[in-house]
Amino acid sequence: MRFIFKTDYAQDIKLAKHGGQVFWYSALMLLMFAAPWLFAEYWLAQLTLVLIYSIAGLGLMLLAGFTGQFSMGHAAFLGVGAYTQAVMTNAGVPFPIAMACAAGLSAAVGVVVGLPALRVKGIYLGIATLSFGFIVEEVLARWESVTGGNAGIHIKKPDIFGWVLETGNQFYFLCLVVTVIATLSILNVLRSPTGRAFVAIRDSEISAQSMGIHLAYYKTLSFAISAALAGVAGALYAHNLQFISPDQFNILQSIDLLLMIVIGGAGSVHGAFLGAIFLIAMPQVIAQVKDFLPAAVGQAPGLQGLVYGLVLIGFVMFEPMGLYGRWLKVRTYLQMFPFYRKGMFKRQKSFQKSDRLK
Amino acid sequence: MMQDTLLSAKDLTVRFGGVLAVNKVSFDVRQGEVFTLIGPNGAGKTTVFNLISRIYTPTQGEISYLGPKGRITLTQQPPQSVASLGIARTFQNIELFEHASVLHNLLIGRHTHRASNVLQDLFFTPRVREAELKAREKAEEVIEFLGLQHYRDTFVAGLPYGVRKVVELARALCTEPKLLLLDEPSSGLNVEETDDMAFWIQDIQQELGITVLMVEHDMSLVSKVSDRVLAMNQGEMLAMGTPREVQNDPGVIEAYLGSIDDVSSLRRKVNSPTEARPAERTAA
């Protein structure tokens, strides 16, 4: 069991709270930077995909997990970012500028989508964002002069002011750097007044307002940051696949993103990464297990959807805090061994909240 | 208008559809006093609170307030600016940020004193760091003041009711208010906790120099801490004065206990079972 001896207020605003965290996160970074030499090309491609989804997941986590605004059309922001990147890269714009534009345009669209969030809550916001997702998908399919319509669009290799990233390794490093920057930015936001305002809005809008938090401004801001990150992820996604078409940004993609947040653990930055790993690893696991199942089950269409559904139901019922919540329990068990009690993480009964002001 | 008046409500009227929740209520809150609203359930006390914290807008009437930049009409301000004008409030049924630690809650209370914008927050510039440390110092002062050291890093969701009540008070104090609105500070507290609350309210008034406007039912607490009391019933003003004066006011006694006429009318009804039963009469 670790007891942190606090002697300074600055200790509480540090990113790494103790030596153990410094050690493990450094080890993780070393591993990530050494990955191209450790793993085969196929696994590196999967890792790249995990990083890309993590960036989108971070954005959605900020919006859904920390601000409490559900977006069921998040793939639309991914699509806006991807298409912006594709169009600009093919026009010869260098990668960093194109990606900044992808993020900026997605953020602008996010602000527009955020507007209904000022009026509707919960499931109604879900429906509003869902329909927005359909609109964007339709626009991408119909605006053929720019997007190439349903035939899709090819995208050139990323070009950083003349330095073209040809190999998978180089692209992996690009994704890694972007992911690290995105993660640090989100962590910074979360430990600053802006992040606290988001959390306040999630937990009680009425008292957030009475603490002087401008609800409209912060909700819109959350949508903007979230959409910008999705846009960045979309830009990388486009480069990764080198070919994009509107059906990659449909409702299933949105649901995948949401699934990722819930299974990873809503309300934790780790959750975005764990969720992304789950999302990318699961089809692999299913493909491996398929061969051992009887043909009637293994070859049946929709097996993946079924497994995803079951896993999601399982998490909602038994582990609402997701993979990260499970990890916290395991870690506490190990730290406190053999004194861990079963009821330790049991949620205490919440007191009734005021319905009067809602 | 007197110079030392902090907040002045004039002819406040609120109508929700056909219900007249508050009818022509006027009162002045002087600087540095503890002013209490009392009255039976449905008297319109919390509605008056929600008018001051701009959750509701009055149908008629206005509230003027002596803000940091001179006297302003409070009823024309947007809701989120009330906190920066120096008005903080607690809620009757506790509205804390459940999934955050006590310290986190208090730091949210420092929101109006933030010194950075989003861009600076993204990079956590030295300016943000400095502001964070300052905010923490202020939060620690409040923790010290209310004796919350033990709960600093506990999540609100796991705290007992009595402590939550104190945390909510602490969060309101963190905004460094000039006027503190307490909506039933003692509801749900046991006798000891209520005594603590009374001490704190007195300390807030005397040591911190904060004006307190509260809604309260516990008359022993009211008479212990209040300088002046306004009694309301059915949205109307009944009586205003010192706690003793108000408690002895015949109108107030009637509102709480009913009048002699009511009692005799009840008696008659019991004797004639063919007419409506007393319970239904009072309900109507």
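Colleague: What average pLDDT does chain A have?

Modeller: Keep in mind that this is a predicted model. In chain A, 96% of the residues score at least 70. The average pLDDT of chain A is 89.

Colleague: Which stretch of chain A has pLDDT below 50?

Modeller: Where pLDDT is low, the predicted coordinates should not be read in detail. The stretch in question still has eleven contacts in the model beyond near neighbours in sequence. It is residues 351-358 of chain A.

Colleague: Which element gives the largest share of the side of chain A that touches chain B?

Modeller: The contact draws 33 residues from chain A and 40 residues from chain B. On chain A, the elements giving two or more residues are helices H7 (168-190), H8 (193-203), H9 (205-210) and H10 (215-241). By class, that side has 15 nonpolar, 15 polar and three charged residues. With seven residues, the largest share comes from H8(A).

Colleague: How are H2(A) and H10(A) oriented to each other, roughly parallel or roughly antiparallel?

Modeller: The axes of H2(A), residues 41-66, and H10(A) come within 7 Å and cross at roughly 165°. H2(A) passes H10(A) in a left-handed crossing. Angles over 145 degrees count as roughly antiparallel. The two helices, H2(A) and H10(A), are therefore roughly antiparallel.

Colleague: How many charged residues are in the contact of H2(A) with H10(A)?

Modeller: From H2(A) come residues including Ile52(A), Ile55(A) and Leu63(A), and from H10(A) residues including Phe223(A), Leu229(A) and Asn240(A). The contact has 17 nonpolar and five polar residues. As for charged residues, there are no charged ones.

Definitions and conventions. Residues are numbered from 1 along each chain as its sequence is written. Chains are lettered from A and ligands numbered from 1 in the order in which they are written. This is a predicted model: local features need pLDDT of at least 70, side-chain atom pairs count only at pLDDT 80 or more; totals for chains, interfaces and linings use all residues. Two residues are in contact if their C-beta atoms, placed from the backbone, lie within 7 Å. Helices (H or I, at least four residues) and strands (E, at least two) are DSSP runs, numbered from the N terminus. Ala, Val, Leu, Ile, Met, Phe, Trp, Tyr, Cys and Pro count as nonpolar, Asp, Glu, Lys and Arg as charged, and the others, Gly among them, as polar. Axes are lines fitted to C-alpha atoms, for helices over the stretch in contact, and angles run from 0 to 180 degrees between N-to-C directions. Angles under 35 degrees count as roughly parallel, over 145 as roughly antiparallel, 65 to 115 as roughly perpendicular and the rest as oblique. A crossing is left-handed if the near helix is turned anticlockwise from the far one by less than a right angle, and right-handed if clockwise. pLDDT is the predictor's confidence in each residue, from 0 to 100.
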